Amino acid sequence: MAGRVRDESDFRDRPSKKNSRPRTKQRPEHEDAETGLVTGVDRGRYTLLLDEDQPTERTILAMKARELTRNRVVCGDRVDIVGDTSGEDGTLARIVRIQERTSVLRRTADDTDPYERIIVANADQLVIVTALAQPEPRTRMIDRCVVAAYDAGMDVLLCLTKADLADATHLRELYEPIGVKVVVTRRVHDVTGAAAGQAGHGDEPGHNSSDTSEDSWRIEPLDAVRAELEGRTSVLVGHSGVGKSTLVNALVPDAYRATGVVNDVTGRGRHTSTSAVALRLPDADGNPAGWVIDTPGVRSFGLAHVDVENLLKAFDDLDVVAEDCPRGCTHLDGAPDCALDDWLESSPEEEKAARTARVESFRRLLAARTGTV
Ligand SMILES: Nc1nc2c(ncn2[C@@H]2O[C@H](COP(=O)(O)OP(=O)(O)OP(=O)(O)O)[C@@H](O)[C@H]2O)c(=O)[nH]1
Ligand SMILES: [Zn+2]
């Protein structure tokens, strides 16, 4: 993605005349600040990882310094901190700076939340977890997630779960032409019972009176999913019941121990949290191999903020064609003199099907954004 990422500070940091009472003393630049990664946020308390991958690696708690009061710090942010960064019990460091973000996944105000919010920073991939059945896949919801990701300059991985219940062909055909990578997972019975620990919460083998040890199961192919996540920072979204927790537990075995992660500050269980949590993905040998950001509260995106031009950038071929569109062209079906239509009409026969799929998909995403579907 080109240029700097927009964020709240772009409009909030403007000097205001009314508020220009000079400070008696310029705050020091915090040159001694350390840098940490925000892995969790809960009511003004931030969990940070310091000295990632070093022998001194540690988790600490911090709060925002006063000068950052109006800036949102989110999961995935890299921040500068001062104060007691030992991580010892009872210590609380101070976040004094948010480092420049490489990406910002955001959602616009919707009925349940009146504010535009940044959900996650610095992620490079959005993983949309969708069940092939139970619950039925909803393509409009997938489209909306794709739009949010492309707007943020992120790649999209569509993870289709429960392939043991239904076929993935149709969804594959719908999304692969628009640059979405697709992985398909299924539940397989594990007669040895060796993978019992991999079972999802609420459905653990042996916990149900009708279960026998033959009912142990695991998710496959886990390696294929892991391969798509390694070396990246991925945000997972998905509706309740699609198997997202099952997948996270399988990929990050100690993610949410039996009782769930208990929040350091509130002591409440993980299941009550609605904010994103960054989990370190281990590779097959258990070495750190990327980040998985689970977003329990994010099930849809308000998309009013999305810029058509940004979305178009995710479609290189169409972006070039649309340069010939009239100013302000909506590129939607029926838009007067839209160059995309000329491109289809003038298509060589052998390219017609592929071009049509591209334009139709792009228009479907545009419509999903504006809510005209
Ligand atoms: N048949 C089948 N069931 C699965 C598969 N993956 C998960 N499940 C089951 O689907 C149900 C929901 O899975 P969860 O992992 O709890 O779903 P979730 O998306 O985390 O949903 P919430 O916990 O409500 O947010 C559980 O009973 C899982 O055992 C799969 O690949 N096939
Ligand atoms: Zn156009």
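Modeller: A word on terms before we start: pLDDT is the predictor's confidence in each residue, on a scale from 0 to 100. This is a predicted model, in which local features need pLDDT of at least 70, side-chain atom pairs count only at pLDDT 80 or more, and totals for chains, interfaces and linings use all residues. Residues are numbered from 1 along each chain as its sequence is written, while chains are lettered from A and ligands numbered from 1 in the order in which they are written.

Biologist: What pLDDT does the protein chain average?

Modeller: The average is 82, and 77% of the residues score at least 70. Over residues 8–18 the pLDDT is below 50, and this stretch has five contacts beyond near neighbours in sequence. The pLDDT is also below 50 over residues 199–213, a stretch with 16 such contacts. Two residues are in contact if their C-beta atoms, placed from the backbone, lie within 7 Å.

Biologist: And what are the ipTM and pTM scores?

Modeller: The model scores ipTM 0.97 and pTM 0.82.

Biologist: How many helices and strands does the chain have?

Modeller: The protein chain has nine helices and 15 strands. Both are DSSP runs numbered from the N terminus: helices are H or I with at least four residues, strands are E with at least two.

Biologist: Which domains are assigned?

Modeller: The assignment gives domain 1 (9–15 + 28–98), domain 2 (104–185 + 221–294) and domain 3 (308–370). Such bounds come from an automatic or database domain assignment. The C-alpha centres of domain 1 and domain 3 lie 43 Å apart.

Biologist: On to the ligand. Which residues are closest to ligand 1?

Modeller: Arg-187, Ser-240, Gly-243, Ser-245 and Thr-246 are the closest of the 20 residues that surround ligand 1. A residue counts as near if its C-beta atom, placed from the backbone, lies within 6 Å of the molecule or strand.

Biologist: Which element gives the largest share of that shell?

Modeller: H5 does, with three residues. Strand E11 (186–189) and helix H5 (244–251) each supply at least two residues.

Biologist: Is H5 mostly covered or mostly open?

Modeller: H5 is mostly covered, with seven of its eight residues buried. They are Lys-244, Ser-245, Thr-246, Leu-247, Val-248, Ala-250 and Leu-251. A residue is buried if 20 or more other C-beta atoms lie within 10 Å of its own, exposed if 12 or fewer, and partly exposed in between, with C-beta atoms placed from the backbone. Across the 373 residues of the protein chain, 34% are buried.

Biologist: How many residues of H2 are buried?

Modeller: Ten of the 13 residues in H2 are buried, among them Ile-142, Arg-144 and Tyr-150. Just after H2, Gly-153 takes a positive phi of about 75°.

Biologist: Why does the span of H2 agree with expectation?

Modeller: At 1.5 Å a residue, the 13 residues of helix H2 (residues 139–151) should span 18 Å, and the end C-alpha atoms are 18 Å apart. The expected span is 1.5 Å times one less than the number of residues.

Biologist: Last topic: why does Ala-131 count as buried?

Modeller: Ala-131 counts as buried because it has 22 C-beta neighbours inside 10 Å. Ala-131 lies in strand E8 (residues 125–131). Leaving aside neighbours within four places in sequence, Ala-131 is in contact with Pro-137, Thr-161, Lys-162, Val-242 and Gly-243.
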